[in-house]
Amino acid sequence: MLASVNASKNSAASLICTVDVVLLTLRERQLELLLLQREREPFAGAWALPGGYVHPQEDQDCEDAARRVLQHKLGLASPYLEQLASFSGPARDPRGWSVSVAYVALVPPPSGPLPLGQWRAVDRLPQLPFDHGRIVATALERVRNKSQYSSLPLHLCGEAFTLPELQAVYETLMGEPINPVSFRRKMDELGTLEPIPGAKRADGPHRPAQLFRRKAGREQGLGLLGRVINSG
């Protein structure tokens, strides 16, 4: 009986618990993913998702661990962060049975390169270690699905944007054109945005377009956005 208890304790002690973050941005209508190059084995030198061990004495929960990883490794403080799923099993890490709680984070287009890491287009990713390819695929599916009914894409915009710019973000994520009139009407109905007084942006030969921003604390869904695709 004692041997069984000790074996159970040893097994628990060897369990690897980590967090991994799928950090996404949108530049020039291309969805991009942030990858870091691993410094140590396993898979030293491979490009992988930002991640790290959960620190039980420091982290209140897994989300706290994910925010710490982003802050310490990338210098990012609390971007939009959503728990994605847990990934576990004996095959995902050559060091042994492990579990990772994965998160998806969205940030506006960065003004410059981050101190560490590289942005890679999601449709041109290298071979990823562990099960990071599966994690990324799950995250992309989540983001694209939620783009059909929520305000999630707003987190990929800067502080100020025009309605055509916002529509382009939705179209990129959903992979389909959206009727401009229906899109504007739906945004007006939801009341998610507010115009910035006196702020406009020139757009080619057209007259300057009104700049908008997301209302603080307004996370309303886009409801029936899926019904305005290609509609009149």
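Me: How many nonpolar, polar and charged residues make up the lining of the largest pocket?
Reply: Keep in mind that this is a predicted model. The largest pocket is lined by 28 residues, and they can be sorted by class. That sorting gives ten nonpolar, eight polar and ten charged residues.

Me: Which residues lie nearest the centre of the largest pocket?
Reply: The space in the largest pocket comes to about 740 Å³. Out of its 28 lining residues, five lie nearest the centre: Arg38, Arg40, Gly51, Gly52 and Lys73.

Me: And which element gives the largest share of that pocket's lining?
Reply: Several elements give two or more residues to the lining of the largest pocket: strands E1 (16-27), E2 (30-37), E3 (47-48) and E4 (51-53), plus helix H2 (62-74). The largest share is four residues, and the element they come from is E1.

Me: What about the second largest pocket, which residues are closest to its centre?
Reply: The second largest pocket has a volume of about 290 Å³. It has 16 lining residues, and the ones closest to the centre are Pro108, Leu154, His155, Cys157 and Arg214.

Me: How many nonpolar, polar and charged residues line the second largest pocket?
Reply: Let's sort this lining by class too. The second largest pocket comes out with three charged and three polar residues, and its nonpolar residues number ten.

Me: How far apart in space are leucine 156 and proline 108?
Reply: Proline 108 is among the residues that leucine 156 touches. In sequence the two are 48 residues apart, yet from C-alpha to C-alpha the distance is 4.3 Å.

Me: Where does serine 98 sit, and is serine 98 buried or exposed?
Reply: Serine 98 lies in strand E6, which covers residues 98-106. Leaving aside neighbours within four places in sequence, its contacts include Leu15, Ile16, Phe87 and Asp93. Because its relative accessible area is 1%, serine 98 is buried.

Me: With which residue does the side chain of serine 98 make a polar contact?
Reply: Look among the contacts of serine 98, which include Ser88, Gly89 and Arg92. A polar contact at 3.0 Å joins the side chain of serine 98 to the side chain of arginine 92.

Me: Which residues are joined by a cis peptide bond?
Reply: Head for the loop between E2 and E3, where proline 42 is found. The bond there has an omega of about 0 degrees, and the residues joined by this cis peptide bond are glutamate 41 and proline 42.

Me: What is the phi of phenylalanine 43?
Reply: Phenylalanine 43 also lies in the loop between E2 and E3. It is partly exposed, with a relative accessible area of 36%. Although phenylalanine 43 is not a glycine, its phi is positive, at about 65 degrees.

Me: Phenylalanine 130 has a positive phi too, but is phenylalanine 130 buried or exposed?
Reply: Phenylalanine 130 is in the loop between E7 and H3, and its phi is near 55 degrees. Buried means under 20% relative accessible area. At 19%, therefore, phenylalanine 130 counts as buried.

Me: How far apart in space are leucine 125 and glutamate 32?
Reply: Leucine 125 is in the loop between strand E7 (118-121) and helix H3 (132-146). It is partly exposed at 26% relative accessibility, and its contacts beyond four places in sequence are Leu33, Leu35, Arg120 and Val136. Glutamate 32 is 93 residues away from leucine 125 in sequence, but C-alpha to C-alpha they are 9.4 Å apart.

Me: Stepping back, how many helices and strands does the protein chain have?
Reply: Following the sequence, the pattern reads α-β-β-β-β-α-β-β-β-α-α-α-β-β. The count for the protein chain is five helices and nine strands.

Me: What share of the residues counts as buried?
Reply: The protein chain exposes about 12600 Å², with carbon and sulfur atoms supplying 51% of that. Of its 232 residues, the share that counts as buried is 45%.

Key:
Residues are numbered from 1 along each chain as its sequence is written. This is a predicted model: local features need pLDDT of at least 70, side-chain atom pairs count only at pLDDT 80 or more; totals for chains, interfaces and linings use all residues. Side-chain values use heavy atoms; hydrogens and water are left out. Buried means under 20% relative accessible area, exposed over 50%, partly exposed in between (1.4 Å probe, protein chains only). A polar contact is a pair of N or O atoms within 3.5 Å; within protein, one must be able to donate a hydrogen and the other to accept it, and residues adjacent in sequence count only if both atoms are side-chain atoms. Contact means heavy atoms within 4.5 Å. Accessible areas come from the Shrake-Rupley method with a 1.4 Å probe; for residues, only the protein chains shown count as cover. On a 1 Å grid over the protein atoms alone, a cavity is a set of points where a 1.4 Å probe fits but cannot get out, and a pocket is an open set with protein on both sides within 12 Å along at least five of seven lines; lining residues have an atom within 4 Å of a point. Grid points are joined across faces, edges and corners, and a volume is the space filled by probe spheres set on the points. Ala, Val, Leu, Ile, Met, Phe, Trp, Tyr, Cys and Pro count as nonpolar, Asp, Glu, Lys and Arg as charged, and the others, Gly among them, as polar.
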